[in-house]
Amino acid sequence: MKKIEAIIKPFQLENVKESLSKIGVRGMTVIEVRGFGRQRGHTELYRGHEYVVDLLPKVKLEILVDDAKVEEVIDQIISSAKTGKIGDGKIFVTNVEECIRIRTGETDADAL
């Protein structure tokens with residue numbers, strides 16, 4: 001079992017959710033986050049004063065999937081979140097040793 005964490009632009013969230021739903025992803029956690037990568041933020045002008053916005057709003061998705069489905073999920077995230085511009089985001093994949101559904105006590109693949 002793997003945990004896929006994807007950090008994407010907020011306006012791409014609906015595209016990614018729809019795309020993942022079509023391939024059978026049944027659940028995910030969505031967290032509003034702020035950060036920067038290579039783009040290092042930008043400067044804005046507000047009431048005549050310039051200021052630096054160095055932490056940009058992003059959305060972090062956390063998805064647990066069976067090992068066999070990892071590549072398909074990654075491909076769907078990339079195809080639905082990619083704009084081709086800097087700041088499109090990143091995907092991280094880590095191993096999950098155990099998953100337990102609290103309500104029923106189901107474990108691993110049954111708990112997904």
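Residues are numbered from 1 along each chain as its sequence is written. In this predicted model local features need pLDDT of at least 70, side-chain atom pairs count only at pLDDT 80 or more, and totals for chains, interfaces and linings use all residues, while side-chain values use heavy atoms, without hydrogens and water.

Four strands make up an open, antiparallel sheet in the order 2-5-1-6; helices (H or I, at least four residues) and strands (E, at least two) are DSSP runs, numbered from the N terminus, and two strands pair if DSSP finds at least two bridges between them. At the edges lie strand 2 (29-35) and strand 6 (89-95), each of which pairs on one side only. From one strand to the next, the twist averages 20°. Seven bridges join strand 1 to strand 5 (residues 56-65) in the antiparallel sense, and isoleucine 8 stands opposite valine 59 in strand 5.

Helix 1 packs on this sheet, in contact (heavy atoms within 4.5 Å) with strand 1, strand 2 and strand 5, and its direction makes about 10° with that of strand 5. Helix 2 (residues 70-81) lies across strand 1, strand 5 and strand 6, at about 5° to strand 1. For these angles, axes are lines fitted to C-alpha atoms, for helices over the stretch in contact, and angles run from 0 to 180 degrees between N-to-C directions.

Lysine 9 occupies the loop between strand 1 (2-8) and helix 1 (13-22). Lysine 9 counts as buried (under 20% relative accessible area; exposed is over 50%, partly exposed in between; 1.4 Å probe, protein chains only) because its relative accessible area is 15%. Leaving aside residues up to four places away in sequence, lysine 9 touches Lys58, Thr83, Lys85, Ile86, Gly87 and Asp88.
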